[in-house]
Amino acid sequence: MRGLMMDQPLLISSILKFAARNHVEGEIVSRTVEGPIHRYRYPEWAARSARLANALLGLGVNQGDRIGTLAWNGYRHLELYYGVSGLGAVCHTINPRLFPNQISYIINHADDRWLFTDLSFVPVLEAIADQLTGVKGFVMMTDSAHMPATSLPNVICYEDLLAAESDQIEWPVFDENTASSLCYTSGTTGHPKGVLYSHRSTVLHSYGICLPDSMGLSSSECMLPVVPMFHVNAWGTAYGAPMVGSKLVLPGPRMDGESLQALIEDESVTVAAGVPTIWAALLNHLESSGKRVDSLKRTIIGGSSCPESMIRTFQDRYGVRVLHAWGMTETSPIGVVNTPKLFADTLSEEQRFALGCKQGRGLFGIEMKITDDDDRALPWDGIAMGKLKVRGPWVCSGYYQLDQSSAHQEPGWFETGDVGSIDPHGYLQITDRTKDLIKSGGEWISSIELENIAVGHPDVVEAAAIAARDDRWGERPILIVVKTEGSPLTEAALLAYYEDKVAKWQIPNAVVFCEELPHTATGKLSKLTLREKYEGILETPKG
Ligand code: ADP
């Protein structure tokens, strides 16, 4: 027997319509590429998104067409999110920090029809324009006064495009499983792979991230997504915030510590989200300037492991609660968020802190399991460590235009490539990416744990632990470290710092000090580059 409930598809345009009607006072504040702060409210954003959609129809955009964006977090980018997807076309957010050959690969693989770009990325596009055979034209996300001189063909000014259109539209209604947006993983090995979200997955994920035991977004919050809108839809906040009517603050091109502190203070930001590197820069700035971020109640940190020392500094010195979170492009991205359960009140302060450092627990909508090498499920005892697999309505079932996916070998599950343990209360702790684990004499060593300890040392700015080949043990951990300017820290002193923190055999064999560590386009440590450079340093020279 079927239920007698209305069969209304879950569409992204419904978030926009709801926000325009129900959150008339909700503000969207953007730092622009052109310079000044721009502000307007949800109804105006919705009206301009409608103008954009009408303009896209005028440009001949059809349902299913891919429209690429190279843009920072800003109001025009938010209009594209809704104007494009609302029509049933696919908003393809491109990471402008990728190598030019990866960007052209992605644009051609996605077969993007039009590209919308912030002024910052015009040179990137100019350099690859002759390879972009399917692209009909380029829309500059600015007004006529700021239009650049460019060698790009078929250039249109965004504001001119909108000015010529009506702000009235009847948003089309279609199947909720229609593709809405596309985001490529950075592809540390091989080509980047496209994750194709649907309207249904996006709306369900938005509900998920707004739950109180998740990011807890609401109309009484002011949200600052520092995580870029080209990195998994700013972790879904670009949909979640309008759904509940949070004030939304978009940092544009300026994500340095000083600019972020000013934005947080000026706009009274209460909740933020971003990767650890961003927050390290903010904390450094606060330390050196003596400034504060008193309005900020909590920040969601994920994308790579958040060091314990960062969680402590935020909490103890600035009164900001850190919600550690884990996710992937393939999981929309939120998989787990660390929020305390009632039983945490009965724990000692130390135990509570240790629990808060784990990656977090599953939201309804994400089913997890950890498995051994024979694909047998392991117990949730907080000790057994295995390959993490997930499934759910916002987990990808395959990659765009790719027949084979080694991550989808077990039917109905997605293999994350991460290794971890889950405790009886459901808290996941990531040990490592499978490929970053260090195997020493048959025992695994977590590179994340070694890095977390290193950055807990006051003289260490950033650290990477990688496997180096070793004649006797197969692999041994080594550390590549950036220390604070002028610090006298030595290799011996740093290694001695590990003595009461890990078992003796887990202490790294060597420390290499350097000026800077390489990062991927999403701001993570590029271990591949480091391994290529340093994996031979423990071997005895031959001959
Ligand atoms: P990419 O780095 O490929 O662009 P993602 O942003 O999708 O793509 O990266 C997802 C990966 O980042 C996860 O598989 C995991 O290894 C790592 N990651 C994300 N959050 C955390 C976290 N809180 N702790 C440890 N690792 C994390």
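1. Arg433 and the ligand. In this predicted model, a side-chain N or O atom of Arg433 sits 2.8 Å from an oxygen atom of the ligand. Thr522 also reaches a ligand oxygen through its side chain, with an N or O atom at 3.5 Å. Ser305 takes part through its backbone: one of its backbone N or O atoms is 3.3 Å from a nitrogen atom of the ligand. On its own the ligand has 580 Å² of accessible area, and the protein covers 92% of that.

2. The shell around the ligand. The ligand is surrounded by 16 residues, of which Ser186, Ala325, Thr329, Asp418 and Lys524 are the closest. Sorted by class, the shell holds 10 polar, 3 nonpolar and 3 charged residues. Strand 14, residues 321–327, supplies the largest share of the shell, with 4 residues.

3. A cis peptide bond. The bond between Ser332 and Pro333 is cis, with omega at about 5°. Pro333 belongs to the loop that runs between strand 14 and strand 15 (334–337). Strand 14 is also the element with the largest share of the ligand shell. For reference, most peptide bonds are trans.

4. Most residues other than glycine have a negative phi. Asn233 is not a glycine, yet its phi is positive, at about 50°. Gln401, likewise not a glycine, has a positive phi of about 55°.

5. Setting of these two residues. Asn233 is placed in helix 8, residues 232–235. Its relative accessibility is 4%, so Asn233 counts as buried, the cut-off being under 20%. Gln401 lies in the loop between strand 18 (386–391) and strand 19 (414–422). With a relative accessible area of 55%, Gln401 is exposed, because the limit for that class is over 50%.

6. Glu451. This residue is part of helix 14, which spans residues 447–456. Glu451 has a relative accessibility of 11% and therefore counts as buried. Leaving aside residues up to four places away in sequence, Glu451 touches Ala463, Ala464, Ala465, Leu525 and Lys527.

7. Places to check in the model. For the backbone, they are the cis bond joining Ser332 and Pro333 and the positive phi values of Asn233 and Gln401.

Technical notes
Residues numbered from 1 in each chain as written. Predicted model: local features only at pLDDT ≥ 70, side-chain atom pairs only at ≥ 80, totals over all residues. Heavy atoms only, no water. Helix = DSSP H or I, 4+ residues; strand = E, 2+ residues; numbered from the N terminus. Buried < 20%, exposed > 50% of the residue type's maximum accessible area, 1.4 Å probe, protein only. Contact = heavy atoms within 4.5 Å. Near = heavy atom within 4 Å. Polar contact = N/O pair within 3.5 Å; in protein donor to acceptor, adjacent residues only side chain to side chain. Areas by Shrake-Rupley, 256 points an atom, 1.4 Å probe, with all protein chains shown as cover. Nonpolar A, V, L, I, M, F, W, Y, C, P; charged D, E, K, R; others polar.
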